[in-house]
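Here is a short note for a colleague who is meeting this structure for the first time. Please keep the sequence and the model in view while reading the points.

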Amino acid sequence: MGFQSIVHGRIIINNNLIDARKVIQSLGNDEWMFRTEMFGQGISKATYYEDPVISFGATYKQIEYHYKV
(Lines give C-alpha, C1' and ligand atoms only; values in the text may rest on other atoms or scores of the structure.)
Protein backbone atom coordinates (compact mmCIF):
# COMPACT_ATOMS: atom_id res chain seq x y z
CA MET A 1 0.00 0.00 0.00
CA GLY A 2 1.05 3.61 -0.07
CA PHE A 3 0.08 7.03 -1.19
CA GLN A 4 -1.04 7.88 -4.69
CA SER A 5 -0.33 11.30 -6.18
CA ILE A 6 -2.43 12.72 -8.99
CA VAL A 7 -0.65 15.20 -11.24
CA HIS A 8 -2.80 17.17 -13.68
CA GLY A 9 -2.97 20.49 -15.42
CA ARG A 10 -3.17 22.32 -18.69
CA ILE A 11 -0.82 24.00 -21.09
CA ILE A 12 -2.09 27.00 -23.01
CA ILE A 13 -0.17 27.42 -26.25
CA ASN A 14 0.14 30.43 -28.50
CA ASN A 15 -1.30 29.00 -31.72
CA ASN A 16 1.82 26.93 -32.31
CA LEU A 17 -0.01 23.63 -32.20
CA ILE A 18 2.31 21.79 -34.59
CA ASP A 19 5.45 22.48 -32.53
CA ALA A 20 3.64 21.69 -29.27
CA ARG A 21 2.57 18.30 -30.62
CA LYS A 22 6.13 17.56 -31.78
CA VAL A 23 7.44 18.20 -28.28
CA ILE A 24 4.80 15.92 -26.75
CA GLN A 25 5.51 13.14 -29.26
CA SER A 26 9.25 13.41 -28.57
CA LEU A 27 8.70 12.51 -24.91
CA GLY A 28 7.96 8.88 -25.72
CA ASN A 29 6.59 6.41 -23.19
CA ASP A 30 9.72 5.13 -21.50
CA GLU A 31 10.05 5.00 -17.73
CA TRP A 32 10.00 8.71 -17.03
CA MET A 33 7.73 11.15 -15.29
CA PHE A 34 6.42 12.99 -18.36
CA ARG A 35 5.23 10.62 -21.07
CA THR A 36 3.44 11.16 -24.37
CA GLU A 37 0.50 9.03 -23.24
CA MET A 38 -0.39 11.36 -20.35
CA PHE A 39 -1.17 14.29 -22.67
CA GLY A 40 -4.47 14.97 -24.40
CA GLN A 41 -3.31 16.60 -27.61
CA GLY A 42 -6.55 18.44 -28.15
CA ILE A 43 -7.73 19.60 -31.52
CA SER A 44 -6.05 18.34 -34.68
CA LYS A 45 -5.68 21.75 -36.33
CA ALA A 46 -5.90 25.34 -35.27
CA THR A 47 -9.43 26.73 -35.34
CA TYR A 48 -11.08 29.90 -34.14
CA TYR A 49 -9.88 29.34 -30.59
CA GLU A 50 -7.55 32.08 -29.49
CA ASP A 51 -5.32 29.84 -27.37
CA PRO A 52 -5.52 26.04 -27.83
CA VAL A 53 -5.20 24.07 -24.58
CA ILE A 54 -3.42 20.76 -24.09
CA SER A 55 -4.44 18.88 -20.95
CA PHE A 56 -2.38 16.32 -19.06
CA GLY A 57 -2.76 14.02 -16.12
CA ALA A 58 -1.31 10.89 -14.52
CA THR A 59 -1.11 9.07 -11.22
CA TYR A 60 2.15 8.25 -9.47
CA LYS A 61 3.15 6.36 -6.37
CA GLN A 62 4.56 8.78 -3.80
CA ILE A 63 5.94 11.27 -6.33
CA GLU A 64 6.29 13.89 -3.59
CA TYR A 65 9.26 11.92 -2.24
CA HIS A 66 11.03 11.99 -5.62
CA TYR A 67 12.22 15.57 -5.11
CA LYS A 68 14.44 16.92 -2.39
CA VAL A 69 13.34 20.11 -0.65
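**The sheet and its aromatic pair**

1. The three strands form an open sheet in the order S1-S3-S2, with antiparallel pairing. Strand S1 (4–12) and strand S2 (39–40) are the edge strands, and because each has a single partner strand, one side of each is left without a neighbour in the sheet. Strands here are DSSP runs of E with at least two residues, helices are runs of H or I with at least four, and both are numbered from the N terminus; two strands pair if DSSP finds at least two bridges between them.

2. This is a predicted model, in which local features need pLDDT of at least 70 and side-chain atom pairs count only at pLDDT 80 or more, while totals for chains, interfaces and linings use all residues. Residues are numbered from 1 along each chain as its sequence is written, and side-chain values use heavy atoms, with hydrogens and water left out.

3. The protein chain has one helix and three strands, and along the sequence these follow the pattern β-α-β-β.

4. S1 pairs with strand S3 (residues 53–61) in the antiparallel sense over nine bridges, and within this pairing Ile6 has Thr59 of S3 as its bridge partner. S2 and S3 also pair in the antiparallel sense, over two bridges, and here the bridge partner of Phe39 is Phe56 in S3.

5. S3 has two faces: Ile54, Phe56, Ala58 and Tyr60 make up the covered one, whereas Val53, Ser55, Gly57, Thr59 and Lys61 make up the uncovered one.

6. How many aromatic pairs does a search of the whole structure find? The search finds one, and the rings of Phe39 and Phe56 have their centres 5.6 Å apart and their planes at 40 degrees, so the pair is tilted. Rings of Phe, Tyr and Trp (its six-membered ring) pair if their centres lie within 6.5 Å, and planes under 30 degrees apart count as stacked, over 60 as edge-to-face and the rest as tilted. Since Phe39 lies in strand S2 and Phe56 in strand S3, the pair ties together parts that are 17 residues apart in sequence.

7. Are Phe39 and Phe56 buried or exposed? Both Phe39 and Phe56 are buried, where buried means under 20% relative accessible area, exposed over 50%, and partly exposed in between (1.4 Å probe, protein chains only). Buried residues make up 25% of the 69 residues in the protein chain.
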